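Subject: Model for you to look at

Hello,

Here is the structure I promised to pass on. Please open it alongside my notes below.

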Amino acid sequence: MTRTEPPEAKTAPAPTVIADAVDIVYRVHGAGTATGRGAATAALGRILRRHRDGQERGVRTVHAVRNVSFTARRGEAIGLIGTNGSGKSTLLKAVAGLLPVERGRIYTDGQPSLLGVNAALMNDLTGERNVHLGGLAMGMSRAQIRERYRQIVDFSGIDDKGDFISLPMRTYSSGMAARLRFAIGSAKDHDVLLIDEALATGDRSFQKRSESRIRELRERAGTVFLVSHNNKSIRDTCDRVLWLEHGELRLDGPTAEVMREYERFTGGRA
Ligand SMILES: Nc1ncnc2c1ncn2[C@@H]1O[C@H](COP(=O)(O)OP(=O)(O)OP(=O)(O)O)[C@@H](O)[C@H]1O
């Protein structure tokens, strides 16, 4: 007897990220308690209060993500949109495993890599050293890094205006630094690549290069998440969009549909 699989098992690619009813809460310590006092006195006061009451006073909570659920699959490029402070970066950090969830679960298949404008490169080291260290940090071998070094530098365009790659990163403009971060981060194939506003800083020609790099990464079977306020970038690179507002998932669907509703909501502005 031959076994037939259910049709969805054949057509739907494997899930890479599953968020199940996720809540994320920040705790801001010392909010409003240190007025007029030194930081050490305020800290001591907090410790004493905690001991007395069993819980800490003067802690404010920010409920950044509320009851968010979605399933991302291999080969998808998913845009994350929403007005300022809606929880996009927070959700991305939690998928990367850099923030704990308060409630719910996030399951990931493979190692998610967060590529943000704040990705940790060393300002006092040259661009060249950062390419090597960044590559090692992503799990590339020395030989792989050597092999791709020229490609990374050329992609970043850092040397277009002179030999900047041999200068410390603190001499780079913010756009140059962001381009190098993107070039390093995207040099490796990722199971799940999380990109936070990386495209916003580069000039138009760099944006075009990064958009086609995102398409390539996606074709090589990974899942890409892109946070952006640039609606055109989202339209050009993503086939699905999650729209967050006040930490809640307002819409999850095909790019054209979600962007239409979002633009109606923002009056055409991001
Ligand atoms: N480290 C933090 N401590 C406390 N609250 C935070 C922290 N980071 C973010 N928040 C709060 O969490 C909420 C969501 O912020 P988040 O940065 O995720 O939004 P965002 O949608 O990425 O915003 P933007 O589009 O402005 O970058 C906001 O209310 C913000 O003030």
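Ala-72 sits in strand β2. Strands (E, at least two residues) and helices (H or I, at least four) are DSSP runs, numbered from the N terminus. The model is predicted: local features need pLDDT of at least 70, side-chain atom pairs count only at pLDDT 80 or more, and totals for chains, interfaces and linings use all residues. Residues are numbered from 1 along each chain as its sequence is written.

Ala-72 is buried, because 23 other C-beta atoms lie within 10 Å. (Buried is 20 or more other C-beta atoms within 10 Å of a residue's own, exposed is 12 or fewer, and partly exposed is in between; C-beta atoms are placed from the backbone.) Setting aside neighbours within four places in sequence, Ala-72 contacts Pro-15, Thr-16, Val-17, Ile-78 and Thr-223. Contact means C-beta atoms, placed from the backbone, within 7 Å. Arg-250 is 178 residues away from Ala-72 along the chain, and their C-alpha atoms are 16 Å apart.

Next, the ligand. Around it are Tyr-26, Val-28, Val-62, Ala-64, Gly-82, Asn-84, Gly-85, Ser-86, Gly-87, Lys-88, Ser-89 and Thr-90. A residue counts as near if its C-beta atom, placed from the backbone, lies within 6 Å of the molecule. β1 (15-29), β2 (59-73) and α3 (88-95) each give two or more residues to this shell. α3 has the largest share, three residues. By type, the shell holds four nonpolar, seven polar and one charged. (Nonpolar is Ala, Val, Leu, Ile, Met, Phe, Trp, Tyr, Cys and Pro; charged is Asp, Glu, Lys and Arg; the others, Gly among them, are polar.)

Now the helices. In α4 (residues 127-137), Gly-127, Asn-130, Val-131, Gly-134 and Gly-135 are buried. Seen down the α4 axis, these residues fall within an arc of 130°, so they line one face of the helix. The arc is taken over the directions from the helix axis to the C-beta atoms. Their cover includes α5 and α6. After α4 comes Gly-139, with a positive phi near 90°.

How do α5 (residues 142-156) and α6 (residues 174-185) meet, and at roughly what angle do they cross? Their axes come within 8 Å and cross at roughly 145°. (Axes are lines fitted to C-alpha atoms, for helices over the stretch in contact; angles run from 0 to 180 degrees between N-to-C directions.) α5 supplies Ile-152, Phe-155 and Ser-156 to the contact, and α6 supplies Arg-179, Leu-180, Ala-183 and Ile-184. These divide into five nonpolar, one polar and one charged.

Best wishes

Notes. Two residues are in contact if their C-beta atoms, placed from the backbone, lie within 7 Å.
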